[in-house]
Amino acid sequence: MEWGLALAILGAALAAGCAGSGSALGVGVAGESGAGVMTEDPGKFGLVLLLQALPGTQGIYGLLVGFFTIMQVGLLGGEPVAVSLEQGMAILFACLPIAIVGYISGYSQGKTSAACIQLIAKRPEETGKAIILPAMVETYAVLALLMSIILLNGISL
């Protein structure tokens with residue numbers, strides 16, 4: 001395997017792996033908080049589940065960039081294309097925005113969701129605000145996703 005293709009695969013793996021890890025941590029943190037709230041009031045399951053699911057989107061974004069990358073180099077349903085060392089490095093760097101921001105924002109969104117789960121435990125009428133706060137963290141994951149896609153789209157193979 002040539003080095004360029006290996007670097008492209010590394011970029012795809014980092015995008016999916018780092019963003020997915022951030023989501024797993026975030027969903028876990030929110031789930032811990034949610035479990036505590038539901039011991040007191042099992043009727044809040046729906047609200048808790050919604051807030052717990054929010055940090056999971058970063059993993060989806062990383063997976064999307066990973067798929068886009070492996071499709072670009074022909075590893076999905078085709079023959080791998082020749083990828084120079086420079087192109088491989090460019091692909092790797094293009095995957096880094098969602099890898100880095102996906103990890104950090106997934107975990108941060110989980111902590112924010114956990115705090116908002118505690119908010120709805122005491123003030124269920126504030127559910128709208130409790131959803132907006134972790135959604136603000138999501139904004140940066142979306143921006144990182146867009147940057148990774150734009151950068152990948154600009155690399156010609």
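Val 73 touches Leu 5, Ala 8, Glu 79, Pro 80, Val 81, Val 83, Ile 91 and Leu 157, leaving aside residues up to four places away in sequence (contact means heavy atoms within 4.5 Å). This is a predicted model, where local features need pLDDT of at least 70, side-chain atom pairs count only at pLDDT 80 or more, and totals for chains, interfaces and linings use all residues. Numbering starts from 1 along each chain as its sequence is written, and side-chain values use heavy atoms, with hydrogens and water left out.

Val 73 also turns up in the largest nonpolar core, which has 16 residues; Val 65, Val 73, Ile 91, Cys 95, Ile 98 and Leu 152 have the most contacts inside it. Such a core is a set of buried Ala, Val, Leu, Ile, Met, Phe, Trp, Tyr and Cys residues joined through side-chain atoms within 4.5 Å. Buried means under 20% relative accessible area, with a 1.4 Å probe and protein chains only. A second, separate core of nine residues includes Ala 30, Val 48, Leu 51 and Ile 120.

Now for Gln 58, which sits in helix H3 (residues 57-72); helices are DSSP runs of H or I, at least four residues, numbered from the N terminus. Gln 58 counts as buried because its relative accessibility is 0%. Its side chain makes these polar contacts (N or O atoms within 3.5 Å, one able to donate a hydrogen and the other to accept it; residues adjacent in sequence count only if both atoms are side-chain atoms):

| Side chain | Partner side chain | Distance |
|---|---|---|
| Gln 58 | Thr 57 | 3.2 Å |
| Gln 58 | Ser 105 | 3.2 Å |

Methods. Helices (H or I, at least four residues) and strands (E, at least two) are DSSP runs, numbered from the N terminus. Buried means under 20% relative accessible area, exposed over 50%, partly exposed in between (1.4 Å probe, protein chains only).
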